[in-house]
Amino acid sequence: MIDHVSIGVRDVARAKKFYDAVLAPLGYSCLSDGETSLGYGKDSVALWIGQSSRPVPEDTASGLHFCFAAPTRKSVAQFHEAAMKAGGRDNGPAGLRADYGDNYYAAFVVDPDGYRIEAYCAAAE
């Protein structure tokens, strides 16, 4: 239903380092690289990141988060590891979330701008 999502960040270069690292294990890359905007996806851009003087403030009570499809459970763990090395904050390590479903394997992080993001794989082990 959704073609793409756009988020604003204060520092595009910092966001590029972070998202290049965390999205690579999931099979996504930067398809559009500009001075003030970035576009990530596989075959087409699904996540736009743009320079903003007023990005959405971090608010853990808002319920806002973005979930990226992961091809394997291993890639979910690699996503989390990459996020920790690239300046993200842990919001839930890679693991099975049985309350969400029998094969809901996910990891949760907070990016350098405060956006909560998740990688999820539904494949059985």
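Trainee: Where does Leu 31 lie?

Mentor: Leu 31 is in strand 2, residues 29–33. Strands (E, at least two residues) and helices (H or I, at least four) are DSSP runs numbered from the N terminus. The model is predicted, so local features need pLDDT of at least 70, side-chain atom pairs count only at pLDDT 80 or more, and totals for chains, interfaces and linings use all residues. Residues are numbered from 1 along each chain as its sequence is written, and side-chain values use heavy atoms, with hydrogens and water left out.

Trainee: Thanks! Is Leu 31 buried, exposed or partly exposed?

Mentor: Leu 31 has a relative accessible area of 41%, so it is partly exposed. Buried means under 20%, exposed over 50%, and partly exposed in between, with a 1.4 Å probe and protein chains only.

Trainee: And which residues does Leu 31 touch, leaving out those up to four places away in sequence?

Mentor: The contacts of Leu 31 are Gly 39, Tyr 40, Gly 41, Lys 42, Asp 43, Ser 44 and Val 45. Contact means heavy atoms within 4.5 Å.

Trainee: What about Ser 32: where is it, and what does it touch beyond four places in sequence?

Mentor: Ser 32 is in strand 2 too, and it touches Ser 37, Leu 38, Gly 39, Val 45 and Trp 48. Its relative accessibility is 24%, so Ser 32 counts as partly exposed.

Trainee: Changing topic to the helices. How do the axes of helix 1 and helix 2 cross?

Mentor: The axes of helix 1 (residues 12–23) and helix 2 (residues 73–85) come within 8 Å and cross at roughly 155°. Axes are lines fitted to C-alpha atoms over the stretch in contact, with angles from 0 to 180 degrees between N-to-C directions. The two helices are therefore roughly antiparallel, a term for angles over 145 degrees.

Trainee: Which residues meet there?

Mentor: Phe 18, Ala 21 and Val 22 of helix 1 meet Phe 79, Ala 82 and Ala 83 of helix 2. That makes six nonpolar residues, no polar and no charged ones.

Trainee: Nice. How many aromatic pairs are there?

Mentor: There are five aromatic pairs, where rings of Phe, Tyr and Trp (its six-membered ring) pair if their centres lie within 6.5 Å, with planes under 30 degrees apart stacked, over 60 edge-to-face and the rest tilted. Phe 66 and Tyr 115 have ring centres 6.3 Å apart and planes at 55°, so that pair is tilted.

Trainee: Where do Phe 66 and Tyr 115 sit in the chain?

Mentor: Phe 66 is in strand 5 (residues 66–69), and Tyr 115 is in the loop between strand 7 (105–110) and strand 8 (116–121). The pair links distant parts of the chain, 49 residues apart, and both residues are buried.

Trainee: Which residues do ring pairs link into a cluster?

Mentor: Phe 18, Tyr 19 and Tyr 40. Phe 18 is also one of the residues of helix 1 that meet helix 2.

Trainee: Last one: is Arg 54 buried or exposed, and where does it lie?

Mentor: Arg 54 has 74% relative accessibility, so it counts as exposed. The loop between strand 4 (45–51) and strand 5 holds Arg 54. Ser 52 is found in that loop as well, and at 22% relative accessibility Ser 52 counts as partly exposed. Leaving aside neighbours within four places in sequence, Ser 52 contacts Gly 8, Val 9 and Arg 10.

Technical notes. Parallel < 35°, antiparallel > 145°, perpendicular 65-115°, else oblique. Nonpolar A, V, L, I, M, F, W, Y, C, P; charged D, E, K, R; others polar.
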